[in-house]
Amino acid sequence: MACGAAREGKSDTASLELLPSAPRKMNENKPGGSQNSTCVFCRKNDDCPIKYGEKKTNEKWNLTVHYYCLLMSSGIWQRGKEEEGVYGFLIEDIRKEVTRASKLKCSVCKKTGASIGCVAPRCKRSYHFPCGLQRECIFQFTGNFASFCWKHRPVQIITPNNCRDSLLCTICLEFIEPIPTYNVLRSPCCKNAWFHRDCLQVQAVNAGVFFFRCTICNNSDIFQKEMLRMGIHIPEKDASWELEENAYQELLQHYEHCDVRRCRCKEGRDYNVPDSKWEIKRCQCCGSSGTHLACSSLQSWEQNWECLECRSILYSAGEFEKAKKHALPNTNVGINDCLLEESSPKLPRQSPGDQRKDVLRQGSKFRRDISTLIIELAFQVKKKPKKVFINKANIWNSALDGFRNKNFNPSYTIEIVYVNENDHFGREQPGSKQEFLSLLMQQLENSPLFEGSLSKNLSLNSQALKENLYYEAGKMIAISLVHGGPSPGFFSQTLFNCLAYGPENTQPILDDVSDFDVAQIMIRVNTAATVADLNSLVHDYYKYLELIGCLRIITSISDKYMLAKDILVYHVIKRVQAPFESFKQGLKTLGVLEKIQTYPEAFFHIFCHKPENLSAKILSDLFTVHTLSDVQTLGFWNSYLQAVEDGKSTVTMEDILIFATGCKSIPPAGFKPSPSIECLHMDFPVGNKHDNCLALPITSTYKEFQERMDFAIKNTLRLEKEENSHFI
């Protein structure tokens with residue numbers, strides 16, 4: 001009866017606030033009394049985060065809990081905010097749950113305090129969390145956080161013929177009996193991939209929801225859903241190796257050493273002078289050997305050079321060319337940045353501990369931080385400035401002219417010069433590269449090259465195809481990323497998957513169809529209830545289906561699924577094949593497409609999602625003070641940011657960033673130079689977008705400071721918008 005009431009209570013919690021992604025520190029005040037280190041639910045002193053979750057003590061109330069004991073208890077849910085109680089579970093609710101559990105006897109140890117009940121209908125078993133683990137119960141850390149006793153737990157159904165005598169656990173590489181039991185699990189996507197439960201749990205805690213995947217095929221969607229069903233806890237956190245400070249610092253170092261047998265440089269093998277014959281060129285294949293241009297008789301930096309080891313490998317392969325890329329894995333799985341499970345009022349969170357991170361590196365590749373990847377791409381940019389003349393009233397056409405110029409080289413440093421066609425004196429104004437790239441990405445998002453509302457796919461524009469604009473669009477995005485500009489943020493998942501995995505491995509969805517008439521056809525196909533309905537639809541759209549090659553004979557109602565798939569694939573993928581190939585070629589500029597295909601998970605977020613919303617803390621941390629500044633003004637600045645965040649100003653956080661840098665979001669690789677603040681005796685603030693410097697006015701009162709900030713930012717942005725509105 002108690003368990004039934006608990007399950008009923010859980011269904012009423014859908015609108016409650018979720019737990020935060022990472023735990024906050026507990027109240028450390030000690031009003032008196034000794035600390036009780038025994039969990040109030042399971043009554044154990046054990047502190048094992050992998051098994052029981054983080055052990056937390058609220059010293060104010062002298063109360064200790066294991067996180068999993070609290071999370072899986074049947075009669076409690078989170079009703080408080082993040083900082084309230086324990087993980088948002090109110091102290092009064094915890095006490096009530098402890099009281100309720102004190103009346104229930106554990107079916108395993110026969111002691112009272114069994115707060116967890118089996119959700120199977122008419123099952124009366126209750127148990128402590130550690131006892132449930134001992135008795136091999138299943139606890140599902142998703143949905144309503146159901147638990148199943150040893151009699152009713154979910155099992156994996158495996159055909160006996162598929163099993164061999166022995167296989168290796170693909171994580172620990174120890175032999176395993178390929179028979180599904182509580183302690184042995186099989187991958188749902190790879191039939192020959194078997195795991196120890198303990199190995200999977202350690203891997204999940206280390207990897208987190210964004211990195212936990214099948215060690216064989218790299219599938220995350222199907223794999224995670226099955227592991228959650230079988231009781232593996234996947235915390236919503238970043239991977240442990242991503243949280244490690246400077247984990248990839250060694251990858252950011254240039255190799256600067258001449259390795260040829262006879263180095264001609266009198267200054268030594270480590271001497272490197274850019275733009276001269278003593279500039280060091282790295283091997284184009286391995287990158288781990290180098291030569292001075294003069295030492296290998298290279299006429300310019302653009303010439304390719306291979307070290308002896310790589311050259312011998314290439315010659316022995318039969319032809320002297322750069323090694324080809326490895327084929328991408330054949331998978332139909334899309335990229336997801338979160339679980340498909342619905343949100344729950346009890347949200348799994350990070351389980352701390354110093355688990356071995358090398359357990360997770362079983363595959364040939366593992367995910368990398370996006371800023372590190374872009375910085376690596378930026379190593380190609382040489383310190384050879386190339387001016388690009390831009391008319392702010394016509395960003396798109398002037399960018400096209402600049403990038404198509406025969407003297408333009410994407411690997412040279414871009415210097416933006418703003419010009420005005422109406423200025424008869426021909427005056428030039430130095431501009432911000434990041435501002436220009438930000439405006440260019442906005443133009444691209446609203447261009448006829450893409451279709452859709454928020455998540456966009458490529459359109460079919462014959463004039464744009466004729467003018468090779470799809471290639472230029474891909475080139476613009478590549479240049480923006482490598483040169484420190486913003487990411488697109490408007491791609492559909494389907495478009496990104498086509499780029500990362502290939503169109504043949506991508507299945508579009510109905511949301512990808514922006515054409516109203518085609519969408520209506522798709523809806524009719526999906527809602528057809530009889531064969532007669534399907535035949536009627538085929539008759540109504542006979543010419544259209546024949547034209548796109550999707551005409552088929554309807555013999556059963558199940559034919560509608562293939563018909564719908566054929567129409568989707570044609571409209572979203574095959575119809576735009578020519579624009580896609582052109583766009584893909586442009587995206588190969590500076591090796592961007594190859595990087596995307598190597599690390600699709602890292603690039604997915606910046607291509608398909610807008611950057612996170614700015615906050616007072618983000619902006620406060622973003623701007624640094626390089627010179628001795630007025631302390632009072634800096635206090636006004638922090639108060640102003642908080643007022644803007646609280647909606648007490650007509651200015652927004654984006655307005656402040658645009659005013660100072662020209663960008664409405666922080667680029668994936670950050671700003672260069674870093675945004676800075678200085679305090680000056682002047683009437684109004686000034687934003688120097690070229691140097692990302694914001695000059696604040698020194699005032700005697702905060703009210704005066706806010707009025708001047710609001711006035712200057714609002715009017716400056718309004719004037720800029722009016723100047724460009726006629727073109728946009």
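Predicted model: local features only at pLDDT ≥ 70, side-chain atom pairs only at ≥ 80, totals over all residues.
**The hairpin of S1 and S2**

Strand S1 (residues 55-58) pairs with strand S2 in the antiparallel sense, over four bridges. Within this pairing, Thr 57 stands opposite Thr 64 of S2. Four residues lie between the strands of the hairpin, and Asn 62 has a positive phi near 50°. In a regular strand, side chains alternate between the two faces of the sheet. In S2 (residues 63-66), Leu 63 and Val 65 point one way, while Thr 64 and His 66 point the other way. All four of these S2 residues are buried.

**Helix H11**

Helix H11 covers residues 395-404, and because seven of its ten residues are buried, the rest of the structure largely encloses it. The buried residues are Ile 395, Trp 396, Ser 398, Ala 399, Leu 400, Gly 402 and Phe 403.

**Helices H16 and H17**

Helix H16 (residues 516-527) packs against helix H17 (residues 531-540) at an angle of about 160°, and their axes are 9 Å apart. Angles over 145 degrees count as roughly antiparallel, so H16 is roughly antiparallel to H17. The crossing of H16 with H17 is left-handed. On the H16 side, the contact is made by Ile 521, Arg 524 and Val 525. H17 contributes Leu 534, Ser 536, Leu 537 and Asp 540. Of the residues in this contact, four are nonpolar, one is polar and two are charged.

Terms used:
Residues numbered from 1 in each chain as written. Heavy atoms only, no water. Buried < 20%, exposed > 50% of the residue type's maximum accessible area, 1.4 Å probe, protein only. Helix = DSSP H or I, 4+ residues; strand = E, 2+ residues; numbered from the N terminus. Pairing = 2+ DSSP bridges. Axes fitted to C-alpha atoms, helices over the stretch in contact; angles between N-to-C directions. Parallel < 35°, antiparallel > 145°, perpendicular 65-115°, else oblique. Left-handed = near helix turned anticlockwise from the far one by under 90°. Contact = heavy atoms within 4.5 Å. Nonpolar A, V, L, I, M, F, W, Y, C, P; charged D, E, K, R; others polar.
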